[in-house]
Amino acid sequence: MSLLYYRQLLRQSRRIEAFRRAIRHGVRPGDRVLEIGSGLGTFAFFAADAGAARVWAVDGHPVIHVARTIARLNGYADRVTFLRGWLPDAVPDEPANVVIFEDFPPRLLDASAWRLLRGVRRTALAPGARFVPAGADLFLAPVSSEDLLRELTLDGEPPLYGLDWSAGREAVANTPHRVNVPREALLHAGARVGCVDFARDVAADQLGGVAEISVDRAAAMHGLVYWFELNLGGGERLSNAPGETPGSWGHLFLPIDPPLALAAGDRLTVSIRAEPLPDQAPGWLAWDVASRAGRRRGHEFLGTPMSVTDLLEASRDSVPELTPRGKTALRVLALADGTRSVSDIAHILIRDRPDLSQAEAERLVIAHLRGSITSKAPGAEETGYGF
Amino acid sequence: MTSPDATDRPRARSDVLFRQLDDEWVVYDPKRDRVHALNLSAAMVWSLCTGERGAAEIAEAVGESFTPPQPAAHILADVEASIARFRAEGLLE
């Protein structure tokens, strides 16, 4: 992500002002605040303005080095500490009692965001810590939009380049699509199907549910749209519903195939659930629509391109064996014991891999070490440059 | 003569997903997040576990789909073994 990306985020003044008011309301003098995914540090600075004694702004992206300079230029350096990395590697040196987090995927919490927040609750927080946003509600609504479906479908008429693309039909129909659903495509204002409190562990079944809906008008139904509304605290709410553009979150279109022919006033039972993974993190999304006109289901598992090998590699029953690349990684990691430079490790590697030049071996070593090491300059203590 | 008990007519759990991937087949158990790879004959047996047929009828249907057709009696033991495996893995209702 370039600085332009962060510049575009800063332009979303409605979202940022809502967070500013919520942070002013939620952060009290003396609080210790942790912001996860801080980017340029905007919300961390708002927390300092609200009276926080200390703020830790954590982000794995190198933009954090720009943010640190911005903090210095604006007089926040004494209160805001930027930590590059992700939990549990980048962790505040004191437990925080307020958490700011808004790096949500369109489904609110996928396995990765869920695990991140669980890790934060377990390792970085004081008892009774508060979250901004405090929670969220999840919504489903039926959608009628032939245009939307046409854009997603591979096997339209006339066939693209004269080829048969029907093999993609099942994948398209079972994939949650992050696309812009126009508000006028909704057949209902939206029914609440789930509710989440970020201060508590979130069960996967809270991220979905069932609702009864009466459709507004006769139409062909092509799918559902799934969105969330954040409760930032202090009465501030932000949503990624169709027609709202407060952030970079987006919403999800969940197709049904074939469409359902609905009459005005038809009652639908709609549901969505995230299948819990073995650690209880939310996994595959599954959705269901039942109506007088028929029943349709979608399941992300059926829409994800994969092979049996991919599945078996991810299975707990698989018996793993290192590939040649894995064996090289093992060797490189074992040699990184704090005594050898990258060049030294590459030099040793070449003994087993004479096909590699020194420069190629060094590039390989750097690639295998990325994300797994801390590093110091050679002889940093003896150079005499410091004092 | 009484009709066979429901347990004699295997029925796939409605939440278990069945999918062809390239030339292989898998069933995915979302409750246990577990994937089972099936060969063609096991996949045929699975797709016939609808609660309407017993093992002998499944064997007959599978046998008829072979080229040349196989008598049900020749493959009944394999069909029963597949069903027993599905049951042991908790994939049947």
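Helices (H or I, at least four residues) and strands (E, at least two) are taken here as DSSP runs, numbered from the N terminus. Residues are numbered from 1 along each chain as its sequence is written, while chains are lettered from A and ligands numbered from 1 in the order in which they are written. The model is predicted: local features need pLDDT of at least 70, side-chain atom pairs count only at pLDDT 80 or more, and totals for chains, interfaces and linings use all residues.

**Chain A as a whole**

Select chain A, whose secondary structure comprises twelve helices and 14 strands. Its C-alpha atoms occupy a box of roughly 80 × 60 × 40 Å along the principal axes. Of its 387 residues, 38% are buried; a residue is buried if 20 or more other C-beta atoms, placed from the backbone, lie within 10 Å of its own.

Next, colour by pLDDT, the predictor's confidence in each residue, from 0 to 100. Chain A has a mean of 91, and 96% of its residues reach 70 or more. Among the elements of chain A, helix α3 (residues 42-49) has the highest mean pLDDT (98) and α9(A) the lowest (81). Where pLDDT is low, the predicted coordinates should not be read in detail.

**The nonpolar cores**

A nonpolar core is a set of buried Ala, Val, Leu, Ile, Met, Phe, Trp, Tyr and Cys residues joined through C-beta atoms within 7 Å. The largest one has 92 residues, and I23(A), A47(A), V99(A), V143(A), L224(A) and V225(A) are those with the most contacts inside it. Select strand β9 (residues 219-233) of chain A, which gives the most to this core, with nine residues.

Then centre on L224(A). Which residues does L224(A) touch, not counting those up to four places away in sequence? The list includes V143(A), L254(A), V270(A), W287(A) and V289(A); two residues are in contact if their C-beta atoms, placed from the backbone, lie within 7 Å.

**Strand β13(A) and its partners**

Select β13(A), residues 282-291. Eight of its ten residues are buried, so β13(A) is largely enclosed by the rest of the structure. Two strands pair if DSSP finds at least two bridges between them.

- Strand β12 (residues 267-276) of chain A pairs with β13(A) in the antiparallel sense over seven bridges. Within this region, L285(A) of β13(A) is the bridge partner of A274(A). The two strands form a hairpin with five residues between them, and Q280(A) in the turn has a positive phi of about 80°.
- Strand β14 (residues 294-299) of chain A pairs with β13(A) in the antiparallel sense over six bridges. Here R296(A) of β14(A) is the bridge partner of V289(A). This hairpin has two residues between β13(A) and β14(A).

Now select chain B, which follows the pattern β-β-β-α-α-α along the sequence. Of its 93 residues, 28% count as buried.

Finally, show both chains. The contact takes 14 residues from chain A and eleven residues from chain B. On chain A, β13 (282-291), α8 (300-303) and α9 (308-313) each supply at least two residues of the side that touches chain B. Of the elements there, α9(A) gives the most, with three residues.

Conventions. A residue is buried if 20 or more other C-beta atoms lie within 10 Å of its own, exposed if 12 or fewer, and partly exposed in between; C-beta atoms are placed from the backbone.
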